[in-house]
Amino acid sequence: MQSVTCEACRKQIPRRSALRVFDRTLCEPCAEADVGTRDKVPPESVARLSDPTVCAQCGHDNGSDELPTIAQMPVCPACEQTLRNRAFPAWVKLSLATILVLAVVAMGKNLRFFQGYVAAAKAGTAAAHGDLDRAASLYGSALAAVPEERGYDVMQKFFTGIAL
């Protein structure tokens, strides 16, 4: 644990309990007295010092060796593992499961549109290769899957007429 000297009362205090007030390092009682004498104190002019040898999460003292930092705060190896490998909260997992279920239900309800599209795509390929009977048949399958699509009806009749 590192210690610092209060610039007002000259007392040795642990670094993590010291405050930086207007670029002066002070203990808590001196900092309160200093801030109390001022009319206006901007929030950025008062800050608590952190000790790079003491874990900000659990308070583990690492002696004189500095700890690695996460978000500019020193953390011990055990807390670092916990912070870096945090599990997703239950509400996030539940939300993902709900979205996946809704997606599957939506795909099930709209499966006929997908089947109609696939049949129409195959019909286009068959027509491009000159197989007009198969193209007419596939457009008929697409029309059966999606009867409200007038384009499939027109294309089926078109290729049936050409084939005849």
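## Cores, rings and cysteines in a predicted model

Let's start with Ser45, which sits in the loop between helix 1 (28-36) and strand 5 (46-48). Helices here are DSSP runs of H or I with at least four residues, strands are runs of E with at least two, and both are numbered from the N terminus. This is a predicted model, where local features need pLDDT of at least 70, side-chain atom pairs count only at pLDDT 80 or more, and totals for chains, interfaces and linings use all residues. Residues are numbered from 1 along each chain as its sequence is written, and side-chain values use heavy atoms, with hydrogens and water left out.

Is Ser45 buried or exposed? Ser45 has a relative accessible area of 13%, so it is buried (buried is under 20% relative accessible area, exposed over 50%, partly exposed in between, with a 1.4 Å probe and protein chains only). Setting aside neighbours within four places in sequence, Ser45 is in contact with Arg20, Val21 and Phe22, where contact means heavy atoms within 4.5 Å. Phe22 also has Arg38 over its face, at 3.9 Å from the ring centre. The rule for a charge over a ring is NZ of Lys or CZ of Arg within 6 Å of the ring centre and within 35 degrees of the ring normal. Another case is Arg112, whose charged end sits over the ring of Phe113, 4.2 Å from its centre.

On to the cores. A nonpolar core is a set of buried Ala, Val, Leu, Ile, Met, Phe, Trp, Tyr and Cys residues joined through side-chain atoms within 4.5 Å. The largest has 14 residues, and Ala120, Tyr139, Ala142, Tyr152 and Phe159 have the most contacts inside it. At least two residues of this core come from each of helix 4 (111-128), helix 5 (132-145) and helix 6 (150-163). Helix 5 gives the most, with 7 residues. Beyond its neighbours within four places in sequence, Ala142 touches Gly116, Ala119, Ala120 and Tyr152. A second, separate core of 11 residues includes Val4, Leu26, Ala31 and Leu49.

Now for the rings: the count is 3 aromatic pairs. Rings of Phe, Tyr and Trp (its six-membered ring) pair if their centres lie within 6.5 Å; planes under 30 degrees apart are stacked, over 60 edge-to-face, and the rest tilted. Two of the pairs look like this:

| Pair | Centre distance | Plane angle | Type |
|---|---|---|---|
| Tyr139 and Tyr152 | 6.4 Å | 40° | tilted |
| Phe158 and Phe159 | 5.3 Å | 75° | edge-to-face |

Tyr139 in helix 5 and Tyr152 in helix 6 are 13 residues apart, so their pair links distant parts of the chain. Tyr139 is buried at 10% relative accessibility, and Tyr152 is buried at 15%. Phe159 is buried too, at 9%, whereas Phe158 is partly exposed at 46%. Ring pairs join Tyr139, Tyr152, Phe158 and Phe159 into a cluster.

How many disulfides does the structure hold? The number is 0, a disulfide being a pair of cysteine sulfur atoms within 2.5 Å. For Cys27, the nearest cysteine sulfur is that of Cys30, 3.4 Å away; Cys27 is buried at 4% relative accessibility. For Cys79, the nearest is that of Cys76, 3.5 Å away, and Cys79 is buried at 11%.

Last comes helix 3 (residues 90-109), which has 20 residues and reaches 29 Å from first C-alpha to last, close to the expected 28 Å. That expected span is 1.5 Å times one less than the number of residues. Of its 20 residues, 0 are buried, so helix 3 lies largely in the open.
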